[in-house]
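Hi,

Here's the structure I promised to send over. Have a look at it first, and then read on for my notes.

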Amino acid sequence: QVQLVESGGGLVQPGGSLRLSCAASRSIFSIDAMGWYRQAPGKERELVAQITGGGSTDYADSVKGRFTISRDNAKNTVYLQMNSLKPEDTAVYYCNAKYGGSSWGQGTQVTVSS
């Protein structure tokens, strides 16, 4: 089991940037994959970005070139750097850990609006 706490969401204008953080309650060194998902009103939850224990990354086509996922094993934290934000990026963003089981954070709201 691992508990996850997201932070860093908020209101930003189109074209702006935000960095989300996901702090884990224990070492993430042995976790198979850490990911960021998002869910907009009326839509299904979707994978935004994922990073494996080996450092391999994968991104949704809609965020490639704009978002970057990274992990700091020493701090037990995963980050999502979001640049050139668009109104369609507005959603609740959730952190996920896959380790044989799966854990989710409580989510953090990101709103992109002028």
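Below is what turned up, feature by feature. Keep in mind that this is a predicted model.

Let's start with the disulfide. The whole structure has 1 of them, and it joins Cys 22 to Cys 95, with the two sulfur atoms 2.1 Å apart. Cys 22 sits in strand E3 (residues 18–24) and Cys 95 in strand E9, so the link ties together parts that are 73 residues apart in sequence. If you look along the S-S bond, the angle about it is -80 degrees, which makes the link left-handed. Are these two cysteines buried or exposed? Cys 22 is buried, at 0% relative accessible area, and Cys 95 also counts as buried, at 0%.

Next, the salt bridges. Side chains of opposite charge can pair when their charged atoms come close.

Arg 66 lies in the loop between strand E6 (57–59) and E7, so here the parts tied together are 23 residues apart in sequence.

Another salt bridge pairs Asp 61 with Lys 64, at 3.1 Å from N to O. Asp 61 is exposed, with 65% relative accessibility, and Lys 64 is partly exposed, at 49%.

Now the largest pocket, which holds about 180 Å³ of space. Which residues lie nearest its centre? They are Arg 38, Lys 43, Glu 46, Glu 88 and Asp 89, out of 13 lining residues. By class, the lining has 8 charged, 3 polar and 2 nonpolar residues.

Most residues other than glycine have a negative phi. Asn 76, in the loop between strand E7 (67–72) and strand E8 (77–82), has a positive phi of about 55 degrees. Ser 84, in the loop between E8 and strand E9 (91–98), has a positive phi near 50 degrees.

Cheers

Conventions: Residues are numbered from 1 along each chain as its sequence is written. This is a predicted model: local features need pLDDT of at least 70, side-chain atom pairs count only at pLDDT 80 or more; totals for chains, interfaces and linings use all residues. Side-chain values use heavy atoms; hydrogens and water are left out. On a 1 Å grid over the protein atoms alone, a cavity is a set of points where a 1.4 Å probe fits but cannot get out, and a pocket is an open set with protein on both sides within 12 Å along at least five of seven lines; lining residues have an atom within 4 Å of a point. Grid points are joined across faces, edges and corners, and a volume is the space filled by probe spheres set on the points. Ala, Val, Leu, Ile, Met, Phe, Trp, Tyr, Cys and Pro count as nonpolar, Asp, Glu, Lys and Arg as charged, and the others, Gly among them, as polar. Helices (H or I, at least four residues) and strands (E, at least two) are DSSP runs, numbered from the N terminus. A disulfide is a pair of cysteine sulfur atoms within 2.5 Å. Buried means under 20% relative accessible area, exposed over 50%, partly exposed in between (1.4 Å probe, protein chains only). A salt bridge is a side-chain nitrogen of Lys or Arg within 4 Å of a carboxyl oxygen of Asp or Glu.
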